[in-house]
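Please consult the sequence and the structure alongside the text.

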Amino acid sequence: MSIHIHRIYTRAGDGGETALAGGVKVSKSSLEVESYGESDELISYLGVVRAVANDPSSRPSDEIAAETDEVFLKIQNTLYEAGAVLAARTPLSPEAATYEAAQDPRISFLENRIDQYRELFDAIDGFTIPGDCVLNAHAHVARTICRRWERVLVRRHEAAPLEPWVLAYANRLSDYLFAYTRWITAKLSTQEKLWKGRSGEG
């Protein structure tokens, strides 16, 4: 699909409406706009994580920089694909009825990375408190944005069914981002702080 952006402003949305792909006018407060707006925010914040991983002043390691750039760029491209689906109001594709996440290469890519990262860290008994390093903290913010995006997707799906791969991808992406934060901690040998509930207070 070819994209051409010729104008920065059009004044068409000054009254609080915008057009979905195909020309259908909707309120900017609609679930359609919110759902692709959340994916846009996530794309942007994944860019922050990539930038931090590659920043010469704080570059954690060549391995982390290369892995982050490769994987996150691929994710950003897939999120644009999801955004294109969310920006349209069209019937479900014929493949939707027989969709299986296990057979989707977009999902298996994330699952394979999770499995690779998982070999480097142990299970934890508590909730991670973000902040053991800057890169880890930014990745946790991306994870929570992804969870928010998923909640919006579920609300939209309850109103009108979505392509199932988009829902599955959002769910698996948040799992991936959590695994990524733990991989960073393992690679940098930093110390995660855990919240274990009131019984775990010392």
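## Basis and fold

Helices (H or I, at least four residues) and strands (E, at least two) are DSSP runs, numbered from the N terminus. The model is predicted: local features need pLDDT of at least 70 and side-chain atom pairs count only at pLDDT 80 or more, while totals for chains, interfaces and linings use all residues. Residues are numbered from 1 along each chain as its sequence is written, and side-chain values use heavy atoms, with hydrogens and water left out.

The chain contains 5 helices and 4 strands, arranged along the sequence as β-β-α-α-α-β-α-α-β.

## Surface patch

Strand E3 spans residues 127-129 and includes Ile-129. Ile-129 counts as partly exposed because its relative accessibility is 39%; partly exposed lies between buried (under 20% relative accessible area) and exposed (over 50%), with a 1.4 Å probe and protein chains only.

Together with Phe-127 and Trp-195, Ile-129 makes a nonpolar surface patch of about 350 Å². Accessible areas come from the Shrake-Rupley method with a 1.4 Å probe; for residues, only the protein chains shown count as cover.

## Interior

Of the 202 residues in the chain, 38% are buried. Val-166, in helix H5 (residues 164-188), counts as buried because its relative accessibility is 0%. Leaving aside residues up to four places away in sequence, Val-166 touches Ala-82, Val-85, Leu-86, Trp-149 and Leu-153, where contact means heavy atoms within 4.5 Å.

Note on methods:
Patch = residues over 30% accessible without salt bridge, like charges linked within 9 Å, V, L, I, M, F, W, Y side chains within 5 Å. Salt bridge = Lys/Arg side-chain N within 4 Å of Asp/Glu carboxyl O.
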